[in-house]
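These notes are meant to be read beside the sequence and the model. Each numbered point takes up one topic, and terms are given their cut-offs where they are needed.

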Amino acid sequence: MDDYVGDKLRAWGLERFIDIFIENEVDKESFLQLDSNTTKELIVPVGPRVQFLGHLNLLKQEVEPRESGNQEQGSSGATRNSNQEPRAPRNQQAAVSGAANRSNREQEPGGATARYKGQEPAAKKPRGAFDIRGILEEVIDGQLLIAEMDKGLLTYQSRKRVVNTLVSHLIQLHGKNVKSNVKLAMAKAITYQFPELDNEDGDAHEAWFTPGQDNRDASGFFEIRLRNVRQRDKAKSAAPSNASTKPKTPSKLATSSLDLTIDDSEDASGKVEWLKHHKEPLDQVKRYMRETTKARAALIRSEKAKPVADLIKLYPRLLDTEGMIDQDFRQLFPINADQLFLKWPKYLPKIMEYVEQQTEWRQFLHFEGEIDTDAKRTNVALQALPLLFPAGCMKGKKGPKRATTDESCRSFIRREKIGTNLPSLLDQNTQGQPFILILGNPEQPEQAFVVVEKNVVSCKSLLQAVDVCFKVVYVLDINYAWQCQHTWDFIQKFFYRLGEGKGRETSIPTVKMFTNFLQKQNI
């Protein structure tokens, strides 16, 4: 193995596989010819292998244009007819085309809403100065990318290629510091020309680019790619600020911040104290818990410095009395309490379609059977959710620390064999809490629990365990496990419709894209 391969693996955070590449005598030439099949022999874990293939495909796209350009440079000038009229630049052609399309758009039957009326939508004409189809047609396998976009389901690798191609086009026209309005115009052109990538709210373009607002930086696939290009080239000048002076767009999500005041009345404090020492009578326990919900929530939020274990000692009935976590959450967020159970059956088919397209879940879950019931599909889909998003990242003293895909999945749902000694497992556990624990097969576990500081809450199903674990975070006012934070961010915003006050202020683009796919009108 030469230095080229080792340098690439280190740059991609995969240096632990260098010895394997050395043993298999992988040099630069063979490195650039690796594919998904040959890589399986070198990188067995699914998460790192997916990361490697993503980086490798980007590298190939950077290398191939340079090589083909060198080969064609000498012949292109010689073969051009000297009397041939020079071809107008693509952006000028697209601008003329866009102007013509705008004048004819009103004459199109059905207009922009035609796709919502059941008929098969025709391909939209270019909007504005960006002919997205035309740009993609010029790259290798561009028609395959266009076909996926027409279906509204881009694979991870295809989406990377689309982003790289479009960003390269932007850089050719505007340099590496592209203005915010230009990036936004291209993002909107994508969802206009490919309606299946849009959603019923008409804001799916935000996954591709979202301008900065207030103190929040711009985000989206285009912004991330441009930022990486600038960092790679070690540009000395900072990118111009995209901060907008426009007022902040109101969120469509309900706030999860609670306006609570501490109730220090004798009645409330007396009931809280009584609950510390009594488990029975059950009816009285449930009534006192209901009546002190907001008083306890205010106290918990005023004691943020206290460890979770201390909070559980103060309010033990939350975990040792069935249904108290759900009752507290229902008192605090009554509109949002049942949303996971109400929405899940509707979205399960689309979630499974996306999981099948985007992940190698069977290999990760070590599953070879059939999922022939909705219960099995639910269990598989929930365990595969972390595979759809990047693993979480946490700031550390020595710089950012990124979790592996395996750590992200285990921090969300941990699976153990039937007969596992739970007390021993909890004593030896070092991972962040709360998390979900299942015993048995991935498609049909025998038992499901939520683990909170060596306490286990038994649940009737894996879906209920996800619901309880989410509500524990809100009731105890604690943070999600950072390793799987993007999975919880998706669940919080898509299913429970809760926004400001917990989790990320702005979702990462992969979360937005998955949400856009689920929200399409034809679900």
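1. Burial and basis. Buried means under 20% relative accessible area, exposed means over 50%, and partly exposed lies in between, with a 1.4 Å probe and protein chains only. This is a predicted model, in which local features need pLDDT of at least 70 and side-chain atom pairs count only at pLDDT 80 or more, whereas totals for chains, interfaces and linings use all residues. Residues are numbered from 1 along each chain as its sequence is written, and side-chain values use heavy atoms, with hydrogens and water left out.

2. Overall composition. The protein chain comes to 25 helices and 6 strands, where helices (H or I, at least four residues) and strands (E, at least two) are DSSP runs numbered from the N terminus. Of the 523 residues in the protein chain, 47% are buried. Taking contact to mean heavy atoms within 4.5 Å, 64% of the contacts between residues at least 6 apart in sequence join residues at least 24 apart.

3. Aromatic pairs. Rings of Phe, Tyr and Trp (its six-membered ring) pair if their centres lie within 6.5 Å, and planes under 30 degrees apart count as stacked, over 60 as edge-to-face and the rest as tilted. A search of the whole structure finds 31 aromatic pairs. In one of them, the ring centres of phenylalanine 21 and phenylalanine 31 are 6.2 Å apart with the planes at 55°, so this pair is tilted. The pair links distant parts of the chain, since phenylalanine 21 belongs to helix α2 (residues 18-23) and phenylalanine 31 to helix α3 (residues 28-31), 10 residues apart. Phenylalanine 21 counts as buried at 0% relative accessibility, and phenylalanine 31 is likewise buried at 0%.

4. Phenylalanine 494 and phenylalanine 495 have ring centres 5.0 Å apart and planes at 85°, so the pair is edge-to-face. Phenylalanine 494 is buried at 5% relative accessibility, and phenylalanine 495 is buried with a relative accessible area of 0%. Both belong to a cluster linked by ring pairs, whose members include Trp344, Tyr347, Phe490, Phe514 and Phe517.

5. Helix α25. How many residues of helix α25 (residues 509-518) are buried? The helix is mostly covered, with 10 of its 10 residues buried; among them are Lys512, Phe514, Asn516 and Phe517. The buried residues of α25 pack against α9 (156-174), α11 (221-232), α18 (339-358) and α24 (485-495).

6. Nonpolar cores. A nonpolar core is a set of buried Ala, Val, Leu, Ile, Met, Phe, Trp, Tyr and Cys residues joined through side-chain atoms within 4.5 Å. The largest has 110 residues, and those with the most contacts inside it are Ile132, Trp208, Phe222, Ile436, Trp488 and Phe490. Helix α23 (residues 462-475) gives the most to this core, with 11 residues. A second, separate core of 16 residues includes Leu9, Leu14, Phe21 and Leu34. Leaving aside its neighbours within four places in sequence, isoleucine 132 is in contact with Met149, Leu166, Met186, Ala189, Ile190, Gln193 and Phe194.

7. Helix packing. Axes are lines fitted to C-alpha atoms, for helices over the stretch in contact, and angles run from 0 to 180 degrees between N-to-C directions; angles under 35 degrees count as roughly parallel, over 145 as roughly antiparallel, 65 to 115 as roughly perpendicular and the rest as oblique. Helix α10 (residues 180-193) packs on α11 at an angle of about 135°, with the axes 10 Å apart, which makes α10 oblique to α11. Here Lys183, Met186, Ala187 and Ile190 in α10 meet Phe222, Glu223 and Leu226 in α11. Helix α14 (residues 293-302) and helix α17 (residues 324-332) pack at about 90°, with their axes 10 Å apart, and are therefore roughly perpendicular to each other.

8. Backbone points to check. Most residues other than glycine have a negative phi, and most peptide bonds are trans. The peptide bond from glutamate 280 to proline 281 is cis, with omega near -5°, and proline 281 is found in the loop between α12 (266-277) and α13 (282-291). Histidine 366, although not a glycine, has a positive phi of about 55°, and is exposed, with a relative accessible area of 69%. Aspartate 477 has a positive phi of about 55° and is not a glycine either; its place is in the loop between α23 and α24, and at 16% relative accessibility aspartate 477 counts as buried.
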